Amino acid sequence: MSGVLPPHRYGQGELADALAALRPPGADRAVLDRVYGAAGVTTRHLALPLDAYAGLTGFGAANDAFIAAALELGGAAVEQVLAASGVAASEVDLVVSTSVTGIAAPSIEARLAGRLGLRPDVRRVPVFGLGCAAGAAAVGRLHDFLLGRPDGVALLLATELCSLTLQRADRSTANLVATALFGDGAGALLAVGPRHPAFAGAGPEVVASRSRLYPGTERLLGWDIGDEGFRIVLGAELPELVRLHVGEEVSSFLAEHDLKPGDVAAWICHPGGPRVLDALQEELGLPPSALEPSRRSLASVGNLSSASVLHVLRDALAAESPPPPGGYGLMLALGPGFASELVLLRW
């Protein structure tokens, strides 16, 4: 596991001041301050220095910046995870790379392959439309691949540069909430099959995964893409739909494995925002401590979209009191669709 952040770190108040200076005349500063104050975010890291964003005059310039920064951060994340695992880049059989904050063709992992030492015949699956759920979904797909290749090695790279989707002319509440919540960062995860020499002691094992689409919710979450790039679609009813659907989904998934929410020792939840975390905690009857790692991640780096669950998992692996051997963890993320992704882990 690795988690990488850009070097440009700013407090929430400083970011609010910078956005206020970029917004159209007449925008209500009191509303901005209220939204930023309620986001549960203290600091965030940005792909570029704060004063560089005023110079991004269109989608093309922002996307060029995305590619340059994604190569730097994504490359560092993969190098770190390979060095920590002792597995050579040439052993990697599959790379799943996720991002929903920029477009690159060739994709980011293809541009990094030669520099990192990946084999020319490595299988590549670049993922775009799963959004914040893509990190958890990709962990499940790595597991699926390794079921059929038990001596194999699979790599996940999640690179999200949310700040580069900034829409200065968009006065919508959804856009304002997005600018208050999202940060920039990358994460990488290496998974090996049970017959690989590195399997023993490699970290938690994936037991099972579940993907779920909720019909009729397609316009709840995602992007509208236009001349200025990515415009956020973020429905105010998201926390209520979490209460309506996701709590029951989690409980039924756990029940398939004779588990209840109280049996889960580590909750690796995507920090979608304070209201979403509150809804999950209440619906599942969890103590405040269960989702505290996600709240800490949100406060310190913001919502990193698909990379967030990798940062939360990294922190769980480094905790002073990790789950005991045989203990269970649940990775959970929500994304466009509207959809949920669940991954059951066992230490």
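Predicted model: local features only at pLDDT ≥ 70, side-chain atom pairs only at ≥ 80, totals over all residues.

Me: Ok, which elements do the buried residues of H6 pack against?
Reply: They pack against helix H1 (12–22), H2, strand E3 (43–46), strand E10 (229–234), helix H8 (274–284) and helix H9 (292–301).

Me: And how many of the residues of H6 are buried?
Reply: 7 of its 9, so H6 is mostly covered, taking buried as under 20% relative accessible area. The buried ones are Ala-174, Asn-175, Leu-176, Ala-178, Thr-179, Ala-180 and Leu-181.

Me: At what angle do H2 and H6 pack?
Reply: About 50 degrees, with the axes of H2 (residues 29–37) and H6 (residues 173–181) 9 Å apart. That makes the two helices oblique to each other, and their crossing is right-handed. On the H2 side the contact is made by Val-31, Leu-32, Val-35 and Tyr-36, and on the H6 side by Leu-176, Val-177, Thr-179 and Ala-180.

Me: What classes do those contact residues fall into?
Reply: The contact of H2 with H6 has 7 nonpolar residues, 1 polar and no charged.

Me: What about H7 and H8, how do they cross?
Reply: At roughly 40 degrees, and the axes of H7 (residues 238–255) and H8 come within 9 Å. The crossing of H7 and H8 is right-handed. Among the residues that meet there are Arg-243 and Val-246 in H7, and Arg-275, Glu-282 and Glu-283 in H8. By class, the contact of H7 with H8 counts 9 nonpolar, 2 polar and 4 charged residues.

Me: Switching to backbone: which residues does a cis peptide bond join?
Reply: Ala-105 and Pro-106, with omega about 5 degrees. Pro-106 sits in the loop between strand E4 (94–98) and helix H4 (108–116). There's also a cis bond from Gly-337 to Phe-338, where omega is near -25 degrees. Phe-338 belongs to the loop between strand E12 (328–335) and strand E13 (339–346).

Me: Asp-258 has a positive phi, so what's the value?
Reply: About 60 degrees, although Asp-258 is not a glycine. Asp-258 lies in the loop between H7 and strand E11 (264–269).

Me: Is Asp-258 buried or exposed?
Reply: Exposed, with a relative accessible area of 72%. Ser-305 is also not a glycine and has a positive phi of about 55 degrees, but Ser-305 counts as buried at 2% relative accessibility. Ser-305 is in the loop between H9 and helix H10 (308–317).

Me: Last one: where does UniProt place the C-terminal domain?
Reply: The unreviewed UniProt entry puts "Chalcone/stilbene synthase C-terminal" at residues 206–346. The end C-alpha atoms of that span lie 6 Å apart, and the span is 35% helix and 30% strand.

Methods:
Residues numbered from 1 in each chain as written. Heavy atoms only, no water. UniProt positions renumbered as here; feature names shortened; annotations may be inferred. Helix = DSSP H or I, 4+ residues; strand = E, 2+ residues; numbered from the N terminus. Axes fitted to C-alpha atoms, helices over the stretch in contact; angles between N-to-C directions. Parallel < 35°, antiparallel > 145°, perpendicular 65-115°, else oblique. Left-handed = near helix turned anticlockwise from the far one by under 90°. Contact = heavy atoms within 4.5 Å. Nonpolar A, V, L, I, M, F, W, Y, C, P; charged D, E, K, R; others polar. Buried < 20%, exposed > 50% of the residue type's maximum accessible area, 1.4 Å probe, protein only.
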